Amino acid sequence: MTRVWQWNRPVTVREVLEDLQQERSIAYTTVMTVMDNLHQKGWVRREVDGRAYRYTAVSTRAAYSAALMNEAWSQSDNPAAALVAFFGMMSPEQREALQDAVRMVSPNAADNSADNPAGVPAGNPAGGPVANPAGGPADNPEGSPPEPTAGAPEGSAPADGTEPGSGR
């Protein structure tokens, strides 16, 4: 998936193979099997191009990451405590990125205050009364990943929460 996301365009198995072979030895059939598995899981769409398929990511990497975070958070028996622990693990750069993201989704949110070090609006630790960052509903009772953002192609991340292709 990493290669498909990096190119952000339809790619063939041969293109992915040649790119991967710059780093390590890998067989064409291995790449073809992984791309087919990604297609079967709904991670990529494919279209016939001559005798080959061109594969396109169904969701953005950002939407995938957001879906993983949402899934982990929704499975917690104490979501507020999970967020506090998560914020505690963040580097100063990550906290700044979080504050920037909160300002984007909730422009009237208070910036750094003594009671709100992450700049998260009161009453909603997910960042205000908007849909989650991956574009799905704010509440996700089934714990399944949300649909991708409006800018991403249709489809969603796999419900099993696994990373497809182990970073391939």
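Asp36 is partly exposed in this predicted model, with a relative accessible area of 27%. Its salt-bridge partner is Arg46, and the closest N and O atoms of the two sit 2.9 Å apart. Arg46 belongs to strand S1 (residues 44-49) while Asp36 belongs to helix H3, so this pair ties together parts that are 10 residues apart in sequence. Arg46 is partly exposed as well, at 23% relative accessible area.

How many salt bridges are there by this rule? The count comes to 7. Three of them, including the one just described, are set out here.

| Pair | Closest N and O atoms | Relative accessible area |
|---|---|---|
| Arg46 and Asp36 | 2.9 Å | Arg46 23%, Asp36 27% |
| Arg54 and Glu15 | 3.4 Å | Arg54 27%, Glu15 22% |
| Asp100 and Arg103 | 2.4 Å | Asp100 32%, Arg103 31% |

Now for where the other two pairs sit. Arg54 and Glu15 form a salt bridge that links distant parts of the chain: Arg54 is in strand S2 and Glu15 in helix H2, 39 residues apart.

Arg54 and Glu15 are joined with Arg9 and Asp49 in a network of salt bridges.

Asp100 is partly exposed, and so is Arg103.

In soluble globular proteins, nonpolar side chains tend to be buried together. Here, the largest nonpolar core has 18 residues. Which of its members touch the most others? They are Met1, Trp5, Val16, Val31, Met35, Leu38 and Trp43. Helix H1 (2-7), helix H2 (13-20), helix H3 (28-41) and strand S2 (52-57) each put in at least two residues.

Trp5 is worth a look in the viewer. Leaving aside residues up to four places away in sequence, Trp5 touches Trp43, Ala57, Ser59, Thr60, Arg61 and Tyr64. Among these, Trp43 is itself on the list of core residues that touch the most other members.

Some elements turn up in both stories. Helix H2 supplies core residues and also holds Glu15 of the bridge to Arg54. Strand S2 is another core contributor, and Arg54 is found there.

Note on methods
Residues numbered from 1 in each chain as written. Predicted model: local features only at pLDDT ≥ 70, side-chain atom pairs only at ≥ 80, totals over all residues. Heavy atoms only, no water. Core = buried A, V, L, I, M, F, W, Y, C linked by side-chain atoms within 4.5 Å. Buried < 20%, exposed > 50% of the residue type's maximum accessible area, 1.4 Å probe, protein only. Helix = DSSP H or I, 4+ residues; strand = E, 2+ residues; numbered from the N terminus. Contact = heavy atoms within 4.5 Å. Salt bridge = Lys/Arg side-chain N within 4 Å of Asp/Glu carboxyl O.
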